[in-house]
Amino acid sequence: QVQLVESGGGLVQAGGSLRLSCAASRGTFTSYAMGWFRQAPGKEREFVAAISVSGSTTYYAESVKGRFTISRDNAKNTVYLQMNSLKPEDTAVYYCAAQSYSGGDYYRLRAVREYDYWGQGTQVTVSS
């Protein structure tokens with residue numbers, strides 16, 4: 001089974017940028033669609049962005065569209081989340097996740113329940 005380790009979180013001022021990375025091991029990375037999710041205190045885990053196996057299909061939550069970019073490097077077994085123009089409401093623990101799925105269905109790629117493997121999370125705090 002695949003193991004996922006996130007990095008790149010931290011404290012940033014509003015308007016700033018961060019890039020999260022998620023390194024995968026113990027699995028065939030190119031078998032997995034990848035997603036980023038976040039969870040703020042007292043709230044449910046929510047979809048942020050997803051990318052298909054090939055990287056040709058990406059989806060974003062409306063709240064981050066135009067500010068965040070998901071990408072993957074299959075040679076490095078890593079998925080990234082570039083976050084620009086950060087807002088205080090982006091503050092949360094960010095998780096990467098993997099599901100064994102080779103398609104590009106929107107509803108499947110954004111659903112928490114469809115993901116089989118999760119990282120431990122990385123904290124992102126945006127100050128105003």
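Q: Which side chain does the side chain of arginine 38 make a polar contact with at 2.6 Å?
A: That of glutamate 46. Bear in mind that this is a predicted model.

Q: And which one at 2.9 Å, as a polar contact?
A: The side chain of tyrosine 94 makes that polar contact with the side chain of arginine 38.

Q: Where is the place of arginine 38?
A: Arginine 38 is in strand S4.

Q: Buried or exposed, arginine 38?
A: Buried, because its relative accessible area is 6% and the limit for buried is under 20%.

Q: What does arginine 38 touch, leaving out residues up to four places away in sequence?
A: The list includes Glu44, Arg45, Glu46 and Val48, then Ser63, Val64 and Phe68. Glu89, Asp90, Ala92, Val93 and Tyr94 are also among the residues touched by arginine 38.

Q: Switching to salt bridges. How many are there by the count?
A: Five salt bridges.

Q: Why would such side chains pair at all?
A: Opposite charges can pair when the charged atoms come close.

Q: Which salt bridge do arginine 38 and glutamate 46 make, in terms of N to O distance?
A: Their side chains meet at 2.6 Å, N to O.

Q: How does glutamate 46 count for accessibility?
A: Glutamate 46 is partly exposed, at 35% relative accessibility, whereas arginine 38 is buried at 6%.

Q: What is the N to O distance for arginine 38 and aspartate 90?
A: That salt bridge between the two side chains is at 2.9 Å.

Q: Where do the two partners lie, arginine 38 and aspartate 90?
A: Arginine 38 lies in strand S4, residues 32-39, and aspartate 90 in the loop between strand S8 (78-83) and strand S9 (92-100). The two are 52 residues apart in sequence, so the pair ties together parts that are separated along the chain.

Q: Is aspartate 90 buried or exposed?
A: Aspartate 90 counts as buried, with 1% relative accessibility.

Q: Moving on, what does arginine 108 form a salt bridge with?
A: Glutamate 114, and the closest N and O atoms of the pair are 3.7 Å apart.

Q: How accessible are arginine 108 and glutamate 114?
A: Arginine 108 is partly exposed, with a relative accessible area of 28%. Glutamate 114 is partly exposed as well, at 27%.

Terms used:
Residues numbered from 1 in each chain as written. Predicted model: local features only at pLDDT ≥ 70, side-chain atom pairs only at ≥ 80, totals over all residues. Heavy atoms only, no water. Salt bridge = Lys/Arg side-chain N within 4 Å of Asp/Glu carboxyl O. Buried < 20%, exposed > 50% of the residue type's maximum accessible area, 1.4 Å probe, protein only. Helix = DSSP H or I, 4+ residues; strand = E, 2+ residues; numbered from the N terminus. Polar contact = N/O pair within 3.5 Å; in protein donor to acceptor, adjacent residues only side chain to side chain. Contact = heavy atoms within 4.5 Å.
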